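Trainee: I would like to go through this model with you. Can we take the fold, then the helix, then single residues?

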Amino acid sequence: MVLKTIMVQLDVDAIAAPRISMAWDLAQRYEADLIGFSAAQPHFITPSGSDDQAATKALWCQVDEIEACCLLPKAGSPSNGNRP
C-alpha cells in the first residue's frame, strides 16, 4: 500500500509561506495530497456591560490575525469574509 499524503504544521508564531511552499513542491513532485494544519486559540473576552457586539468584533479580529499568520494571500479575496 502506498500513501501519498503530506501534512505540514503551520506555526502561527512564524511565517508559514516557506513551509507551505516546500510542502507544495513535494506534493506536486510525488503527486501527493497536501494537508495543512494549525492549532491556535484566541483569548476569549468576557463582555462587561451592554456592548456585546464590540466583544464579538474583538474576538473575530483575533481569529483573523491567527488565520492571517497561516494563509498565503489570495488575489482578490476578501480579508474578512462575511463576519460581523
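Trainee: How many helices and strands does the protein chain have?

Mentor: This is a predicted model, where local features need pLDDT of at least 70, side-chain atom pairs count only at pLDDT 80 or more, and totals for chains, interfaces and linings use all residues. Residues are numbered from 1 along each chain as its sequence is written, and side-chain values use heavy atoms, with hydrogens and water left out. Helices (H or I, at least four residues) and strands (E, at least two) are DSSP runs, numbered from the N terminus. Along the sequence the pattern reads β-α-β-α. The count is two helices and two strands.

Trainee: What share of the residues of the protein chain is buried?

Mentor: Buried means under 20% relative accessible area, exposed over 50%, and partly exposed in between (1.4 Å probe, protein chains only). The chain has 84 residues. The buried share is 17%.

Trainee: Which share of the accessible surface belongs to carbon and sulfur atoms?

Mentor: Areas come from the Shrake-Rupley method with a 1.4 Å probe; for residues, only the protein chains shown count as cover. The accessible surface of the chain comes to about 6800 Å². Carbon and sulfur atoms hold 57%.

Trainee: What span should helix α1 have?

Mentor: Helix α1 covers residues 17–29, which is 13 residues. The expected span is 1.5 Å times one less than the number of residues.

Trainee: Which residues of α1 are buried?

Mentor: An α-helix has 3.6 residues a turn, so residues three or four places apart point the same way. The buried residues of α1 are Ile20, Ala23 and Ala27. They cover an arc of only 70 degrees around the axis, which puts them on the same side of α1. That arc is taken from the directions from the helix axis to the C-beta atoms. On the other side, the exposed residues are Pro18, Met22 and Arg29.

Trainee: Which residues does Lys4 touch, not counting residues up to four places away in sequence?

Mentor: Lys4 sits in the segment before β1. Lys4 is partly exposed, with a relative accessible area of 42%. Contact means heavy atoms within 4.5 Å. The partners of Lys4 are Tyr30, Glu31, Ala32 and Asp33.

Trainee: How far apart in space are Val8 and Ile35, C-alpha to C-alpha?

Mentor: Val8 lies in strand β1 (residues 5–9). Val8 is buried, with a relative accessible area of 11%. Its contacts include Arg19, Ala23 and Ile35. Val8 and Ile35 are 27 residues apart in sequence, and their C-alpha separation is 6.3 Å.

Trainee: Where is Ala39, and what separates its C-alpha atom from that of Asp11?

Mentor: Ala39 is in the loop between β2 and α2 (52–70). Ala39 is exposed, with a relative accessible area of 71%. Asp11 is 28 residues away along the chain. The C-alpha separation is 8.1 Å.
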